[in-house]
Amino acid sequence: MDSYRGGAAGRLADDLFLIAHDDYSGKAVVAPALLDATLAGAVLGELALENRISIMRSQVYVDDHRAWHEPVSDRALGEIVHRGDGHPVRSWLEFLGPQARYQVGDRLVSAGAVRRETSRGLNLRRAVRWPGTDPNRVAVPRVKLSAILEKSDRPLDPRTALLAALVHAGRMVRVLNLPNRSQAVDRINAARRLLPPALRELLDGVDATIAAAALTVRR
């Protein structure tokens, strides 16, 4: 079984997943719609950072259809290949979102980072939690991102900037250990503006998906 190292060595969606869940209880710290949209965005982000897909005019195109023998990103890429180029980012986020947390969570189970615990409440609905096997280890992505955002003179690399922007989009900045949250948000927004166009379009799609989900809930 592989050991999970987190931080720069971890995959983008894994780090986001761990930030989005309590280290001890394994319960999500944000609403399902936020978690689904941002995790799906992180899965597409992995593909984009690895030059397996490109995003132009808010539409997704395959650049490298080969499997990398990594189940989560390979499964997402396989769907994109199967359904064809040119579908909107938001459509892919909505399509991938409902299963993203389970697929990424199971990837972290396989890596030995979390356990999957399933229970049913009085309403008989299934509830899944993902407590860390070692809470100190699964806290690493949150601790590292917090430390990086505190250093205002240090530029963010594209992967870190994308992770930070997804954390902000998913209303998770509050779980970071930041002495000056508003300053960190300003830094995240500045780093987002400097991202490559494809990653900015991906984040725009995440924002639109979250906004549409919020509108549906209010109705």
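This is a short tour of a predicted model, stop by stop.

Residues are numbered from 1 along each chain as its sequence is written, and side-chain values use heavy atoms, with hydrogens and water left out. Because the model is predicted, local features need pLDDT of at least 70 and side-chain atom pairs count only at pLDDT 80 or more, while totals for chains, interfaces and linings use all residues.

**Confidence.** Colour the chain by pLDDT (the predictor's confidence in each residue, from 0 to 100). The mean for the protein chain is 91, and 92% of its residues reach 70 or more. Now select residues 1–9, where pLDDT stays under 50. The model has 29 contacts (heavy atoms within 4.5 Å) beyond four places in sequence for this stretch.

**The core.** Select Leu16, Leu44, Ile53, Leu145, Leu149, Leu166 and Val167, the residues with the most contacts inside the largest nonpolar core, which has 64 residues. Such a core is a set of buried Ala, Val, Leu, Ile, Met, Phe, Trp, Tyr and Cys residues joined through side-chain atoms within 4.5 Å. Buried means under 20% relative accessible area, exposed over 50% and partly exposed in between (1.4 Å probe, protein chains only). Helix α2, residues 32–49, gives the most to this core, with 10 residues. Helices (H or I, at least four residues) and strands (E, at least two) are DSSP runs, numbered from the N terminus.

**Leu47 and Ile53.** Leu47 is in α2 and counts as buried, at 0% relative accessibility. Beyond four places in sequence, Leu47 is in contact with Arg52, Ile53, Ser73, Ala76, Leu77 and Ile80. With the same exclusion of residues up to four places away, Ile53 touches Leu44, Leu47, Ala48, Val60, Tyr61, Val62, Asp63, Leu77 and Ile80.

**α1 against α4.** Show residues 12–19 (α1) and 89–110 (α4), which pack at an angle of about 95 degrees with axes 10 Å apart. Axes are lines fitted to C-alpha atoms, for helices over the stretch in contact, and angles run from 0 to 180 degrees between N-to-C directions. That makes α1 roughly perpendicular to α4 (under 35 degrees is roughly parallel, over 145 roughly antiparallel, 65 to 115 roughly perpendicular and the rest oblique). Ala13, Asp14, Phe17 and Leu18 in α1 meet Arg101, Val104, Gly105, Arg107 and Leu108 in α4.

**Two loop residues.** Most residues other than glycine have a negative phi. Asn51, in the loop between α2 and β1 (53–56), has a positive phi of about 60 degrees and is exposed at 57% relative accessibility. Finish at His69, in the loop between β2 (59–62) and α3 (71–83). Phi of His69 is positive, near 60 degrees, and His69 is exposed, with a relative accessible area of 75%.
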